[in-house]
Amino acid sequence: MTTQTLDATAREAVTSACARVEEPGAGDHVDGVVPGLVARPADTDQVAEVLRAATAHGLTVVPRGGGTKLSWGVAPRSADVLLDVSALDQVLDHAAGDLIVAAQAGCRLADLQERVAQGGQRLAIDETVPGTTVGGMLAANTSGPRRTAVGAARDLLIGITMVRADGVVAKAGGRVVKNVAGYDLGKLLIGSAGTLGVITDATFRLHPVPAASQWVTAPVSDPAAALAMTQAVLHAQVVPAAVEVAWAEGSGSVSVLLEGRVAGVAGRADATRAILGEGATGSDDAPAGGATYPWDTRASGEDRSTALKLTFELSALGEVLAATAGTPAVLRGSAGSGVLYAALPPTTDPAEVATLLERLRRVCTSRGGAAVVVDAPAAVKAAVDAWGPVPALELMRRVKDQFDPDHRLSPGRFVGGL
């Protein structure tokens with residue numbers, strides 16, 4: 001592992017800026033990079049103070065929420081300070097009448113859902129990694145099956161507070177669905193992996209919890225059948241909340257989620273079974289794996305699977321599934337949104353990963369999407385281009401230069417070494 005070191009003056013500056021600063025422990029490394037210090041601020045003001053101290057002493061900073069996705073992407077070039085925002089864990093406001101909730105970045109998504117459920121509401125973003133926090137969900141841009149009906153985080157986020165690399169606090173949006181002139185701050189920060197600023201709180205619009213829900217699942221034995229089923233469902237009048245595909249070793253299943261009023265769900269479930277064929281069955285329970293990824297998100301080091309994110313036009317589903325033929329890849333994801341995730345066993349030879357990645361990248365990029373490496377053992381990350389071609393890279397560089405001119409936030413973790 002690479003260990004960061006700080007001189008005494010820099011240590012004193014960080015320690016003075018935050019009520020709780022500690023030496024790094026065994027679980028505080030960032031994909032093998034051990035920080036010099038771990039700062040655990042109690043509020044946005046302390047986050048700003050830590051970042052101002054880091055600016056004054058030229059320190060690099062890597063934000064962390066629950067730490068469930070800290071190894072995703074590429075390891076940072078440096079991490080003088082690990083900025084742990086897990087103490088910012090409160091639901092700030094649930095305005096049930098306005099279908100609005102505001103929460104701090106370190107608030108666990110499960111805790112937020114429990115709070116708003118008391119008012120018969122939910123944030124329609126699935127927890128894809130147990131323990132995910134609001135800030136981590138936004139920084140990694142995770143969603144899940146229900147994005148087919150309501151969109152991803154960018155479609156539900158209406159307000160955000162962040163701290164820039166120089167310690168300036170910035171806010172955008174608020175409690176109503178509107179936008180502001182200049183940068184759309186929320187959309188810039190979503191998926192930025194902590195490279196543009198440190199998110200400290202966010203406000204979302206909510207949806208009522210549906211009165212009924214039911215899954216209808218059918219087996220499929222070839223990629224063309226999977227595509228035909230999903231297209232038939234999407235073009236029918238059943239209005240699915242999710243259309244999921246699971247795939248491994250040349251076969252799998254298509255699962256459709258229906259949500260709404262009791263009578264309406266029952267009728268739409270019947271119609272969906274008719275579309276999917278005689279093998280279709282209904283269940284109140286989500287299919288195996290639910291909203292989670294097809295890899296063990298608790299694994300670390302060399303025990304990690306190679307995890308891929310694949311995006312594409314909806315009509316390319318069959319081509320994407322066919323591209324994995326003859327490999328040990330396991331796939332799961334939203335056929336209704338054009339987002340699948342693939343996992344290869346931890347022992348897969350890096351050359352085999354590179355061959356499959358190239359094949360999938362060729363299919364996905366030709367059909368309007370991309371294939372990126374979400375996580376992998378160190379040997380695989382060293383052997384492949386995790387991000388692949390990025391057409392808007394120069395624009396992203398200019399945005400990074402505006403927000404973090406010295407490139408001190410999570411340096412190197414994002415595309416193009418940003």
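A salt bridge here is a side-chain nitrogen of Lys or Arg within 4 Å of a carboxyl oxygen of Asp or Glu. The model is predicted, so local features need pLDDT of at least 70 and side-chain atom pairs count only at pLDDT 80 or more, while totals for chains, interfaces and linings use all residues. Residues are numbered from 1 along each chain as its sequence is written, and side-chain values use heavy atoms, with hydrogens and water left out.

Start by colouring the domains. The bounds, which come from an automatic or database domain assignment, are 8-86 for domain 1, 91-208 for domain 2, 212-283 for domain 3 and 306-386 for domain 4.

Next, select domain 2 and domain 3. Their C-alpha centres are 29 Å apart. Contact (heavy atoms within 4.5 Å) links five residues of domain 2 with seven of domain 3. The two domains bury about 480 Å² between them, 52% of it on carbon and sulfur atoms; buried area is the accessible area (1.4 Å probe) lost when two parts are put together, summed over both. Now show Pro145, Arg146 and Thr148, which supply 76% of the area that domain 2 buries against domain 3, more than any other three residues.

Stay at this interface, where the rule finds two salt bridges. Select arginine 146 and glutamate 259: their side chains meet in a salt bridge, at 3.2 Å from N to O.

Finally, select the cysteines. A disulfide requires two cysteine sulfur atoms within 2.5 Å, and the count by this rule is zero.
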